[in-house]
Amino acid sequence: QVQLVESGGDLVQPGGSLRLSCVASGSGFSINSMAWYRQVPGKQRELVATITSGGDTTYGDAVKGRFTFTSDNAKNAGYLQMNNLKPEDTAVYYCYTRYSQYHINNAVWGQGTLVTVSS
């Protein structure tokens with residue numbers, strides 16, 4: 001019953017920045033962790049970043065030092081700040097959230113938001 005709404009994808013020039021948002025909604029749930037994945041047509045979905053409910057983060061090697069994952073627990077939201085974007089960052093970005101609802105653990109994918117980095 002938990003749903004994710006993603007936003008923030010856009011067309012941006014190389015070196016530019018974007019901020020992606022992922023907001024979870026539902027009743028009686030708590031988020032255990034969030035992750036951002038990205039996928040290019042014809043290629044495997046790639047893990048970009050993760051964050052726990054305690055705020056601990058991890059990043060894929062391709063984005064380390066350029067992307068920052070933050071969260072607002074009160075809003076059940078996660079944000080991916082993407083700086084110094086490169087053409088190879090072009091992909092559909094998906095939010096993935098693990099949560100507990102009524103004592104049951106589950107997970108859900110967002111709908112995806114398109115990021116295009118091009119001059």
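How many disulfides does a search of the whole structure find? The search finds 1 disulfide, a term that denotes a pair of cysteine sulfur atoms within 2.5 Å. The structure is a predicted model, in which local features need pLDDT of at least 70 and side-chain atom pairs count only at pLDDT 80 or more, while totals for chains, interfaces and linings use all residues. Residues are numbered from 1 along each chain as its sequence is written, and side-chain values use heavy atoms, with hydrogens and water left out.

**View 1. The disulfide between C22 and C95.** The sulfur atoms of C22 and C95 are joined at an S to S distance of 2.1 Å. The pair links distant parts of the chain, with C22 in strand β3 (residues 18–25) and C95 in strand β9, 73 residues apart. Strands (E, at least two residues) are DSSP runs, numbered from the N terminus. The torsion about the S-S bond of C22 and C95 is about -85 degrees, so the disulfide is left-handed. C22 is buried at a relative accessible area of 0%, and C95 likewise counts as buried at 0%. Buried means under 20% relative accessible area, exposed over 50%, and partly exposed in between, with a 1.4 Å probe and protein chains only.

**View 2. The aromatic pair of Y37 and Y96.** The count of aromatic pairs comes to 5. Rings of Phe, Tyr and Trp (its six-membered ring) pair if their centres lie within 6.5 Å; planes under 30 degrees apart count as stacked, over 60 as edge-to-face and the rest as tilted. For Y37 and Y96, the ring centres are 6.2 Å apart and the planes stand at 90 degrees, so the pair is edge-to-face. Distant parts of the chain are linked here: Y37 belongs to strand β4 (residues 29–39) and Y96 to strand β9, 59 residues apart. Y37 is partly exposed at 21% relative accessibility, whereas Y96 is buried at 15%.

View 3. Y94 and W109 form an edge-to-face pair, 6.4 Å centre to centre with 90 degrees between the planes. Y94 lies in strand β9 and W109 in strand β10 (residues 104–109), 15 residues apart. Y94 is buried, with a relative accessible area of 17%, and W109 is partly exposed, with 37%. One aromatic cluster is formed by Y37, Y94, Y96 and W109. The charged end of R45 sits over the ring of W109, 4.5 Å from its centre. A charge sits over a ring if NZ of Lys or CZ of Arg is within 6 Å of the ring centre and within 35 degrees of the ring normal.

**View 4. R19 over the ring of Y79.** R19 lies over the face of Y79, at 4.0 Å from the ring centre.

**View 5. The surroundings of A77.** A77 is in strand β8 (residues 77–82) and counts as buried at 4% relative accessibility. A77 and V23 are 54 residues apart in sequence, yet 4.3 Å apart in space, C-alpha to C-alpha. Leaving aside neighbours within four places in sequence, A77 is in contact (heavy atoms within 4.5 Å) with C22, V23, M34, T70, S71 and D72.

**View 6. The surroundings of Q101.** Q101 is in strand β9 (residues 91–101). Q101 is buried, with a relative accessible area of 11%. Apart from neighbours within four places in sequence, the contacts of Q101 are Q1, V2, S27, G28 and F29.

Note on methods. Helices (H or I, at least four residues) and strands (E, at least two) are DSSP runs, numbered from the N terminus.
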